[in-house]
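Here's a quick briefing for anyone meeting this structure for the very first time. Have a look at the sequence and the model, then read on.

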Amino acid sequence: MSVVTNTTTIGAIELPSRRNTELLLLAFAVVIPIFAYANVGLAIDGKLPPGMFVYGLGYAALAGVAHLVVRRYAKYADPLLLPLATLLNGLGVVLIWRLDQSERLQNLAKRSYGSFSPSAPNQMIYTALAIALFAGVLLLLKDHRVLQRFTYISMAGSLVLLILPVIPGLGADVFGAKIWISVGGFSIQPGEFAKIVIAVFFAGYLMVKRDALALASRRFMGLYLPRGRDLGPILMIWAMSLLVLIFENDLGTSLLFFGMFVIMLYVATERTSWIVIGLLMSIGGAVVVGATASHVKARVNAWLDPFGCYSTSGACEQVGQSIMSFGSGGVLGAGWGQGNSDLIGFAANSDFIFSTVGEELGLTGVMAFLLLYGLIIERGVRTALAARDPFGKLFAVGLSGAFAIQIFVVAGGVMGLIPLTGMTMPFLASGGSSVLANWALIGILIRISDTARRPAPAPAPSPDSEMTQVVRPS
Amino acid sequence: MNKPLRRISLFCGLLVLALLIRTNWLQYVQAEELSTRKENRRVQIAQYATERGNIIVKGNPITGSAVTNGSDYKFKRTYTEGQLWAPVTGYASQAFGSTQLESLEDGILTGNDDRLFFDRTIGMFTGEKKQGGNVITTLNPDAQRAAFEKLGNRKGAVAAIDPRTGAILALVSTPSYDPSRFAGNSKDDEKAWVELKDSEDKNLVNRALRETYPPGSTFKVVTAAAALEHKVVDDINAPTDTPEPYILPGTKTPMVNHATGCEKASLNKALEVSCNSVFANMGDKVTRDKMVETAEKFGFNNDKIDVPVRAFASVYDKKMSRDGNAQSSIGQFNTAATPLQMAMVTAAIANDGKLMKPYMVDQLTAPNLDLVEKHEPQEMSRPLSAANAQKVQQMMVNVVETGTGGNAKIKNTVVGGKTGTAQHGEGNKKRPYAWFISYAELPDGSSPVAVAVVIEDSEASREDISGGGLAAPVAKAVMQAVLGGKG
């Protein structure tokens, strides 16, 4: 008998929207940072920190706005993403505020720049802007598929964003890495935004080319080798990554782009051979660059034995300090505000902020943070699984994959698992670009998940429905 | 596209898992090693984060703590009369580490010692800040000051012991240094540190414990003790069979005597005028192995003399040739002793043959002054019998009464001593070391002080350098300071 059943008479089952779950989780995500803030104040000054309630209310208001926007414009979105981002961002501000209180960092800033300005207020402003951007993404981007139209514009855009820091006069060389541009006194890290823009290009491009890339291939030693001409795109991205690495000294961004491309290529074509080729190419690139670029070589040395060159190399000292931060934290940590992670020096509240987590919150805290990030990644990949259109799938997996690689590269770098790259820990590190870009990323994931989980529109009444009978054998 | 997506999700999971494993490795497995690494300044930051306890001499602290601003370290160590007490306290510097008592008793001083666990726990509940405990020393401030002032700007060291208990009464090393000068970590501190570290005078070396010198003629009391103990001599006034000149056994080299009348001189006479030939002869007769036995009972060849600061091992060679042994018996050749060692020798003789273990920490107390530990005097060994000890005492008193040690005479007090002038350098070219060891007796026959003085180099011309001339007055001042307290 036929298994085909006519489903047109069955109305769409509305999935629970989970907005109230999100609201409840958001309440936790706001309250926990407020407690953390109080804890730091009590530990450092012995009294509650200034403006604790104003700060708390402000953050609650921001989270509330974000929630209302999601409730109104992305009703079916994943309920976890927003609370996770809110919690991480809130804790990040507390960590930055805690490092602002460090006399050692204040003195260091005074010696280096003549003055010290706290980073936490800026971070709050950036957070507010970022949540506005998040709302903007949801308001303006009614359907993520619209972005398909911008495939090649995105390519151009991401190239511009990547090249900007190298342009003389516009780019700023900060501690060896040319990843900044400064415009009118503001510093922007274009790479953070390029991450999203380039994902649009990859998704759009691969969606169109996936069949050619997947099917036109020869089998060799169990692997499907692509045709030479199909290798073009991956070679180009590879070369671009190497150029970024060489001209901007930015190992992280380079790795991120290439990794993201390989992941998306693999998902689009379902061919394991791409992974193998991608891995071989990145290993080849890494070996060549590692052996030639002094800046990368120093970091590799620092990774291999930070204490061997501790007193002679700044890179080694930083990594060594960071590892000692983690070690000194131990299982339970020194407690908020009671560690000495500021010994790391100038990048303590940006690239190395995870070391402060390690020292003050200990193994327990670090694992909690890693699991929070893991949840974001998992929800992102789940969104990709649920997405119904190939563009959405690719886009979502590209963004989540990039997020995962970034977490791995940054946390792995400060923990001495891999060579240090100098990227920011999403939501935690001080810096506007990072906060804005990552909130935009969450916004896009929420949009895709909303589209994915949104019930199909109720079917139009079928004129045949009255006449068709389903006959079942009794 | 879902199959590769699931694999990507697995891959992302593995990335997070790798990070989780790494953090467990760092923060659980390696935590202890990383948190105590020498590069980890947190160790020192914690060390100076609370006020350190004090090192106390006769009720008065000789250390203190000052709050420092704009530094990693909250408290800085201060020292009262740093130069005077540096050989006792050592130093505790934020930048350059710590030594001696400051280092050895760090647990008590910072309050981290396990024995202070109870105090810390109470403090946690009452909200009191963590405090350090105190180290109460055995030193006698009068004796210390007398030795330091008498040595003046000459290079040398003094060690004084209470023979009855082994308590160290004075420990001086000159030229000294003021640990306050580099207790912090500023540029000035660094300058002072570098200056001291590289100084030609080796200011940072504690000469009383950590420098060995050829003991010269002061070693003759050890040889005398060995001769009596091993029955080579019974009557100290009986003539010996020492020829003049005395040829070192197995060689053609005669032993040089600076004194006259050494031929067949009795032990008593030989010590009085410091005959080299007689004691070389005695040492040879006792034989090397038995000399080693007695010397070791006095504390030679022991590298574990902790007071609690570890003193360098004094050396009496166990494998030297017969003529080497003969030369060593007068404190030359490769015999070497710390001032503390010679003070121990004197103390053992003055205490009727019983050597007490030297110590300088009497008590450790908690921040609230509760006793944590009290030192009980311990016997270390018996290098010679009481009867023989009294014979050596008799000879040493004779040295002071009629011999080379006249400068140590104290009115109405029985004093025993021995001078020494040790040659050193190739061909004895360098200035000799002036030694003096002595003890003073109370009317009841017990001795409250034994002292060893060494003066390394002085501006006096070579002929004038002698233990009796230079070192004895210093020893006398120390003994008087100790006796003064007893009335």
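In this predicted model, 32 residues of chain B touch 51 residues of chain A, where a contact means heavy atoms within 4.5 Å. About 3600 Å² is buried between the two chains, and carbon and sulfur atoms give 72% of that; buried area here is the accessible area (1.4 Å probe) that two parts lose on being put together, summed over both. On the chain B side, B:M1, B:Q27 and B:R42 lose the most area to chain A, together 23% of what that side buries.

**How to read the numbers**
- Residues are numbered from 1 along each chain as its sequence is written, and chains are lettered from A and ligands numbered from 1 in the order in which they are written.
- Because this is a predicted model, local features need pLDDT of at least 70 and side-chain atom pairs count only at pLDDT 80 or more, while totals for chains, interfaces and linings use all residues; side-chain values use heavy atoms, with hydrogens and water left out.

**Chain A as a whole**
- Chain A has 15 helices and 5 strands, which are DSSP runs (helices H or I, at least four residues; strands E, at least two) numbered from the N terminus.
- Its radius of gyration is 24 Å, close to the 23 Å that the globule rule gives for 474 residues, so chain A is as compact as a globular protein of that length. The radius is taken over C-alpha atoms, and the rule is 2.2 Å times the number of residues to the power 0.38.
- Picture the C-alpha atoms of chain A in a box of roughly 85 × 55 × 45 Å along the principal axes.
- Of the 474 residues in chain A, 55% are buried (buried is under 20% relative accessible area, exposed over 50%, partly exposed in between, with a 1.4 Å probe and protein chains only).
- Take the contacts in chain A between residues at least 6 apart in sequence: 73% of them join residues at least 24 apart.

**A buried helix in chain B**
- Helix α13 (residues 276-286) of chain B has 10 of its 11 residues buried, so it is largely enclosed by the rest of the structure.
- Its cover includes α11 (220-229), α12 (267-273), α14 (288-298) and α15 (322-328) of chain B, along with the strands β10 (246-247) and β11 (254-255).
- B:S274 is not a glycine, yet its phi is positive, near 65 degrees, and at 12% relative accessibility it counts as buried.
- After α13(B) comes B:T287, with a positive phi near 80 degrees.

- B:S438 is part of strand β19 (residues 433-441), and B:S438 is buried, with a relative accessible area of 0%.
- Beyond its neighbours within four places in sequence, B:S438 has contacts that include B:T346, B:G416, B:V451 and B:M479.
- The peptide bond from B:T174 to B:P175 is cis, with omega near -10 degrees; B:P175 is in the loop between β9 (168-174) and α9 (187-197).
- B:V307 and B:P308 are also joined by a cis peptide bond, with omega about 5 degrees, and B:P308 is in the loop between β12 (305-306) and β13 (310-311).
- B:E81, in the loop between β4 (75-79) and α4 (82-89), has a positive phi of about 50 degrees although it is not a glycine. B:E81 is partly exposed, at 44% relative accessible area.
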